Amino acid sequence: MNLSQEDWASQLEGDANAVILDVRTEDEYNDGIISNAINIDIHQGPVFVSEIEALDKSKNYYVYCRSGARSAKACEAMNELGIENAFNLSGGILGWDGEIVSP
C-alpha cells in the first residue's frame, strides 16, 4: 500500500508494532537512513526473499528506498510472502522531510 510522506510518518508514529525497512543498497543505506531502519537490499534477489521470509509476519513494515519504486516492488513481494501490512513511502527518502541519521 502506497502512503504519502505525511500519512506514512503519522501512521508510523502511532504504530507500536512498526518495523522500518530500507530496501536500498548498502552504500545508499550508509549515506543516511530514517531512524531505526533495518536494511535488506532488494537487489540481492534470493537473499532478499529469504531475509523477508524470516521476518515476523505479525509486524507492520514501513518500507522505503530512494524514490519509492524499489520499495513499491518490495511491498508487493512482501505481500506475496505472507506479510499483510507493508506500507510504501511514496517518493522515497528523496521526498522525506523528517530526520535522516547515520546507520
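1. In this predicted model, the count of aromatic pairs comes to four. One of them joins W8 and Y64, whose ring centres are 6.3 Å apart and whose planes meet at 85 degrees, so the pair is edge-to-face. Because W8 belongs to helix α1 and Y64 to strand β5, this pair ties together parts that are 56 residues apart in sequence. Both W8 and Y64 are buried.

2. A second pair to consider is that of Y62 and F87, with ring centres 5.1 Å apart and planes at 35 degrees, so the pair is tilted. This pair also links distant parts of the chain, since Y62 lies in strand β5 and F87 in strand β6, 25 residues apart. Y62 and F87 are both buried. Taken as a group, W8, Y62, Y64, F87 and W96 form one aromatic cluster.

3. Which residues of helix α1 are buried? In this helix, which spans residues 5-13, they are Q5, W8 and L12. They cover an arc of only 70 degrees around the axis, and therefore sit on the same side of α1. The exposed residues E6 and E13 are carried by the face of α1 that is turned away from its buried side. The cover over the buried residues of α1 includes β1 (2-3), β2 (18-22), β3 (33-34), β5 (60-64) and β6 (86-89).

4. As to its neighbours, β6 pairs with β1 in the parallel sense over two bridges, and N2 stands opposite N88 in β6. Strands β5 and β6 also run parallel and are joined by three bridges, with A86 in β6 as the bridge partner of Y61.

5. Why does the count of disulfides come to zero? The sulfur of C65 is 9.3 Å from the closest cysteine sulfur, which is in C75, and this is too far for a bond; the cut-off applied to a pair of cysteine sulfur atoms is 2.5 Å.

6. A last point concerns N39, which is placed in strand β4 (residues 38-39) and is partly exposed, with a relative accessible area of 25%. Leaving aside residues up to four places away in sequence, N39 touches D22, V23, R24, T25, E26 and Y29. N39 and D22 are 17 residues apart in sequence, yet their C-alpha atoms are 4.8 Å apart in space. A polar atom of the side chain of N39 lies 3.0 Å from the backbone oxygen of D22, and the side chain of N39 also reaches the backbone oxygen of R24, at 3.0 Å.

How values were computed: Residues are numbered from 1 along each chain as its sequence is written. This is a predicted model: local features need pLDDT of at least 70, side-chain atom pairs count only at pLDDT 80 or more; totals for chains, interfaces and linings use all residues. Side-chain values use heavy atoms; hydrogens and water are left out. Helices (H or I, at least four residues) and strands (E, at least two) are DSSP runs, numbered from the N terminus. Buried means under 20% relative accessible area, exposed over 50%, partly exposed in between (1.4 Å probe, protein chains only). Contact means heavy atoms within 4.5 Å. A polar contact is a pair of N or O atoms within 3.5 Å; within protein, one must be able to donate a hydrogen and the other to accept it, and residues adjacent in sequence count only if both atoms are side-chain atoms. The arc is that of the directions from the helix axis to the C-beta atoms. Rings of Phe, Tyr and Trp (its six-membered ring) pair if their centres lie within 6.5 Å; planes under 30 degrees apart count as stacked, over 60 as edge-to-face and the rest as tilted. Two strands pair if DSSP finds at least two bridges between them.
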